[in-house]
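Good morning, colleagues. Please look first at the sequence and the structure.

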Amino acid sequence: MRSSSLDTAAAIGLATGGAFGLAGTFVASAPLRETLWMIDGVALVVATALLTMKYQRLGNDLVAAGFLTFLAGESLLLAGNAAGLEASVPSYVGGISLWAAALVLIGASSTFALWMRLTGLIAAVLFVVTVAMVLWGAPLLPTSAPLPAAGYPFLVLTFAGWIWTLLKR
């Protein structure tokens, strides 16, 4: 596939992941939520695999490592998804920890515009606070508000920036 086709595929994966991930957060039905999150997770794994390869080929190892780390985190989230909200908390905490690390790695490079790096950093901080709260005994679920739910819009805004960067050429 040509580079522009791979960029388009990655953009579609990010858009699908963002839309289905947010939708899954707000539905009451567990089977529907798990289905939406499964679609979200697979789309994000494919997108971040493509982005890992893209940035590694461009010689931007820091950004490539960030996308690879995001892929690992999303894989943990996928693994726990079918277990239900309560049972998924351990893999969820591991997954969002890796999301946070990935967002910091990606944002540490000037590859993306400053506003994207800032939205990613805000999401990362909110996810790290969520992880700390869970580790210290707070009974948070992936759908809990204000945390971790407050981090999701910042993550999706970051995805929107990445999509814009991929498609602007």
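What volume does the largest cavity have? The volume is about 330 Å³. Let me state the basis at once: this is a predicted model, in which local features need pLDDT of at least 70 and side-chain atom pairs count only at pLDDT 80 or more, whereas totals for chains, interfaces and linings use all residues. Residues are numbered from 1 along each chain as its sequence is written, and side-chain values use heavy atoms, with hydrogens and water left out.

Now the terms. On a 1 Å grid over the protein atoms alone, a cavity is a set of points where a 1.4 Å probe fits but cannot get out, a pocket is an open set with protein on both sides within 12 Å along at least five of seven lines, and lining residues have an atom within 4 Å of a point. Grid points are joined across faces, edges and corners, and a volume is the space filled by probe spheres set on the points.

The search of the whole structure finds two cavities of 30 Å³ or more. The largest cavity is lined by 26 residues, with Trp37, Asp40, Leu77, Tyr92 and Trp99 nearest its centre. Two or more lining residues come from each of helix 1 (3–26), helix 2 (30–57), helix 3 (61–81), helix 4 (89–107) and helix 6 (151–167); helices here are DSSP runs of H or I with at least four residues, numbered from the N terminus.
By class, this lining holds 13 nonpolar, nine polar and four charged residues. Nonpolar covers Ala, Val, Leu, Ile, Met, Phe, Trp, Tyr, Cys and Pro, charged covers Asp, Glu, Lys and Arg, and the others, Gly among them, count as polar.

The second largest cavity has a volume of about 50 Å³. Its lining includes Leu103, Phe112, Arg117 and Trp162, and helix 4, helix 5 (114–135) and helix 6 each supply at least two of the lining residues. The classes are five nonpolar, three polar and one charged.

I turn to the open spaces. The largest pocket contains about 160 Å³ of space. Among its lining residues are Ser3, Asp7, Leu50, Lys54 and Arg57. Helix 1 and helix 2 each give two or more residues to this lining, and helix 2 gives the most, with five. Six of the pocket's lining residues are nonpolar, one is polar and three are charged.

Thank you for your attention.
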